[in-house]
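I opened my notebook to look up a few features of this structure. My entries follow.

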Amino acid sequence: MATIGDIGVSALINILSMLAFLIAFALLRIQPMNDRVYFTKWYIAGKRSSPRNRGGGVVGKIVNLNFKTYLSFLNWIPQALQMSESEIIAHAGFDSAVFLRIYLLGLKIFGPIAVVALLVLIPVNASGGTLFFLSRDLVVSNIDKLSISNVRPKSYKFFVHISMEYLFTFWACYMLYKEYDRVASMRLKFLASKDRCPEQFTVLVRNVPHISGHTVSDSVESFFQKNHPGHYLCHQGVYSAKKFAKLVKKRNKLQNWLDYNQLKFERQPDKRPTRKTGFLGLWGKRVDSIDFYKQEIKDLDEKMIIERQKIMKDPKSVMPAAFVSFKSRWGAAVCAQTQQSKNPTLWLTRWAPEPRDVYWKNLAIPFVSLTIRKLMISVLLFALVFFYIIPIAFVQSLANLEGLERVAPFLRPLIEWKLAKSFLQGFVPGLALKIFLFVLPSILMIMSKIEGHVCLSVLERRTAAKYYYFMLVNVFLGSIVTGTAFQQLHAFLHQSATQIPRNIGVSIPMKATFFITYIMIDGWAGIAGEILRLKPLVIFQLKKMFIVKTERDLEKAMDPKSIDFPETLPSLQLYFLLGTVYMAVTPILLPFILIFFAFAFFVYRHQVINVYNQKYESAGAFWPHVHGRIIGSLIISQLLLMGLLSTKKAANSTPFLVALPILTLTFHQYCKSRFEPAFRKYPLEEAMTKDTQDEASSASDIDLKSYLADAYLHPIFHAVEEVELTEVKVDKPRPI
């Protein structure tokens, strides 16, 4: 059981790590050689140029020689707060702005709760004295004496905890309502203000039935001309083009080598670059490199033209899916939100995601296959969750050394070494858990792709859902159950079975010490590591040294990341869960959560403004999930408190909690019916208003059919059309 001293050691290690990361970031970000790593967003937007083009000599293009900037190296702190929310929406997108509001919501909910809980509940808990008498059987620490476990059974003090649970729940629901209302209004306003874009007029159609003697294209055109007369405009087929994709990839490599050799010749005009024609240029006849790559590209272009024509004409290459466009937003809204056929498994329609949000590999999965895939992934997820209980149990054995010592006395020499004990209990458990969770999001993303979702945004939301349920079962409930088993193993083995519920009821609040160490590792040092971007920095510098030859290579080396929703959202929701569960049980945990929300808001605001480049825009479609899981956290906290009070023989006070989960669920149902339609459906009224505005403006003069014709053409076809055989220049430093 971690003591106050162990928590202090962990806090010291994590605070020093935070400061080291922040100081390193402040110094690294002002070095010209790292500019593209820490200001990626501005380079992509074309609003920042490389420091190499700003003068200062060779050394000045690598290291910052302006010593005045070192005196103001912390000026990034106020800069991160200067941009308003509307400016962030215009600069980084609506998803980014809504994501930041989750951290503000955490501060709004837990700030007042922490003040009240620390002033009211801490004195009530500390005056109990129960753990003093139980310390012979149970492993306790000074922190546990500030929790509800320290209150004597049958005490009237439990009415204070119940009253606080009601107060805290009503406050959380009030803030959730205000925030849901605010985000829903922002979303409708954002959608209404958007300029004309392809997804407003387009519907994705899947499971197009096979009709003998008709191609998929003929079937789609015939069906929609018949059932949506006057509204159907055109459609874009979905093609299977794996061989063509390989040719595109090969062409890009050849184009890159051509750019490199042209650049090399530009720097040394008196000597044309050459290469050998054999494998990897190791043997064969020596030829002019520029002419060689131009001819290779020309030959490959002819193959690609033939392959593309083959794909377009071959019925086997056309998938039973299509992007169908309409003459108006109203027509698209009607089609996307209605059933098209009496057979509900055919002609499945939904709003088309924006072109960059499409996950092309899953567009043609049949309806039956989707059902089987989802069932299979559900079984695999169930197995994965329980497989991970083994490492979770190992982590908890580190967090409860005293309980382990009683069962395994041979570990006593190591456990009784004070420094090792503080390190093992205060720092290692949280770090070990973080390591075990490192590869999990990637595994869950693969599982979501197998399920068959057709949007990157949906893939990330489904992965986030899996990760959250995993953390709920393993990180939260698993840590409590396995931790309690290890921690109180001696009591379980030597007392009667009737005493076990009492020990579990007392032990659950004691896990707050483990979660405090986890918050400091993940929420303090982890967030500081996020702003440092050490891994992207090292990878970028290595690519620049060994791979970058052209400006195109330099842009790829930046590898702009977006907000990692599959990992970040579940972690955020875990903090909401910990806060709601422990706010009336062990409120000493709340200040640690508040520090996380404040620090993370600040860091992610900086990253959203300067670094992240969103892959898609879902207009905050993830907010209903965030709201629902916070409500779930409130209900879990209420049920756990009821269970805890039942072990404390508080029969007179426990029934007063029964109404609270019912009220919370009623509130959730109201919010769901009141606000969620704004995130699931597009009102016909809004669609008609936008269409009317277009007709009254110059937008009506645009040829909509030509605008939408290739909007949903597969990216590999666009990639070839956009390539131009022009010289690409890159300003690389000459050898000193």
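**Notebook entries**

I looked up Leu-16 and found it partly exposed, because its relative accessible area is 49%, which falls between the 20% and 50% cut-offs. I am working from a predicted model.

I placed Leu-16 in helix α1, residues 4-28. I then checked for nonpolar neighbours on the surface. Leu-16 belongs to a nonpolar patch there, with Leu-12, Ile-15, Leu-19, Ile-23 and Leu-27. Together these six residues have about 520 Å² of accessible area.

Next I turned to helix α8, residues 94-126.

Then I searched the whole structure for aromatic pairs and got 39. I picked out Tyr-575 and Phe-596, which are stacked. Their ring centres are 3.9 Å apart, with 25° between the planes. Tyr-575 sits in helix α28 (residues 565-582) and Phe-596 in helix α29 (residues 590-610), so the pair ties together parts 21 residues apart in sequence.

Are these two residues buried or exposed? Tyr-575 counts as buried, at 1% relative accessibility. Phe-596 counts as buried too, at 3%. The cut-off I used for buried is under 20%.

Definitions and conventions: Residues numbered from 1 in each chain as written. Predicted model: local features only at pLDDT ≥ 70, side-chain atom pairs only at ≥ 80, totals over all residues. Heavy atoms only, no water. Patch = residues over 30% accessible without salt bridge, like charges linked within 9 Å, V, L, I, M, F, W, Y side chains within 5 Å. Areas by Shrake-Rupley, 256 points an atom, 1.4 Å probe, with all protein chains shown as cover. Salt bridge = Lys/Arg side-chain N within 4 Å of Asp/Glu carboxyl O. Helix = DSSP H or I, 4+ residues; strand = E, 2+ residues; numbered from the N terminus. Buried < 20%, exposed > 50% of the residue type's maximum accessible area, 1.4 Å probe, protein only. Expected span 1.5 Å × (residues − 1). Phe/Tyr/Trp six-rings, centres within 6.5 Å; stacked < 30°, edge-to-face > 60°.
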